[in-house]
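Q: Could you walk me through this structure, feature by feature? I would like to learn how each one is read.

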Amino acid sequence: MFGKDLVGLKGMRYGVTGMFYQALKKRERTGDLVVMTIDEYLTSQVCSKCSTRTLEKVSHVVGLSLLACTACHTL
């Protein structure tokens, strides 16, 4: 979301994403937290545990879009 201040987060005004990121980086400099940037490409298709593209919808859960990895069986 870098350079995309016109992208609004839910419940926040436009332009707040850059200010929010700057505030997080300031807290990181003081040692309060660690900020990690994550590439958004394929984040909803790649398993976070085994890093494979084997996520499929769980059919027996109604009302939620729950994904499970067919390789390591992680929800």
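Q: Is Arg27 buried, partly exposed or exposed?
A: Arg27 counts as partly exposed because its relative accessibility is 44%. This is a predicted model, in which local features need pLDDT of at least 70 and side-chain atom pairs count only at pLDDT 80 or more, while totals for chains, interfaces and linings use all residues. Residues are numbered from 1 along each chain as its sequence is written, and side-chain values use heavy atoms, with hydrogens and water left out.

Q: Which side chain does Arg27 meet in a salt bridge?
A: A salt bridge is a side-chain nitrogen of Lys or Arg within 4 Å of a carboxyl oxygen of Asp or Glu. Here the partner of Arg27 is Asp32, with 3.2 Å from N to O. By this rule the protein has 2 salt bridges.

Q: What else does Glu28 touch?
A: Contact means heavy atoms within 4.5 Å. Not counting residues up to four places away in sequence, Glu28 touches Leu33, Val34 and Val35. A polar contact is a pair of N or O atoms within 3.5 Å; within protein, one must be able to donate a hydrogen and the other to accept it, and residues adjacent in sequence count only if both atoms are side-chain atoms. The side chain of Glu28 makes one with the side chain of Lys25 at 2.8 Å, and it reaches the backbone nitrogen of Val35 at 3.2 Å.

Q: In what order do the elements of the protein run?
A: The protein has 1 helix and 2 strands, and from the N terminus on they run α-β-β. Residues 24 or more positions apart account for 6% of the contacts with a separation of 6 or more.

Q: What does Ala71 contact, beyond its neighbours within four places in sequence?
A: Those contacts are Cys50, Thr52 and Thr54. Ala71 itself is found in the segment after β2 (67-69). Its C-alpha atom is 9.0 Å from that of Cys47, a residue 24 positions away along the chain.

Q: How many disulfides does the structure hold?
A: In general, a disulfide is a covalent bond between the sulfur atoms of two cysteines. The criterion here is a pair of cysteine sulfur atoms within 2.5 Å, and the structure holds 0 disulfides. For Cys69, the nearest cysteine sulfur is that of Cys50, 3.5 Å away. For Cys72, the nearest is that of Cys69, at 3.6 Å. Cys69 counts as buried, because its relative accessibility is 2%, whereas Cys72 is partly exposed, with a relative accessible area of 26%.

Q: What is the phi of Ser51?
A: Most residues other than glycine have a negative phi. Ser51 has a positive one, near 60°. Ser51 sits in the loop between α1 (16-29) and β1 (55-57), and it counts as exposed at 58% relative accessibility. His73 also has a positive phi of about 60° without being a glycine. His73 lies in the segment after β2 and is exposed, because its relative accessible area is 67%.

Q: What is the mean pLDDT of the protein?
A: pLDDT is the predictor's confidence in each residue, from 0 to 100. The mean is 79, and 79% of the residues reach 70 or more.

Note on methods: Helix = DSSP H or I, 4+ residues; strand = E, 2+ residues; numbered from the N terminus. Buried < 20%, exposed > 50% of the residue type's maximum accessible area, 1.4 Å probe, protein only.
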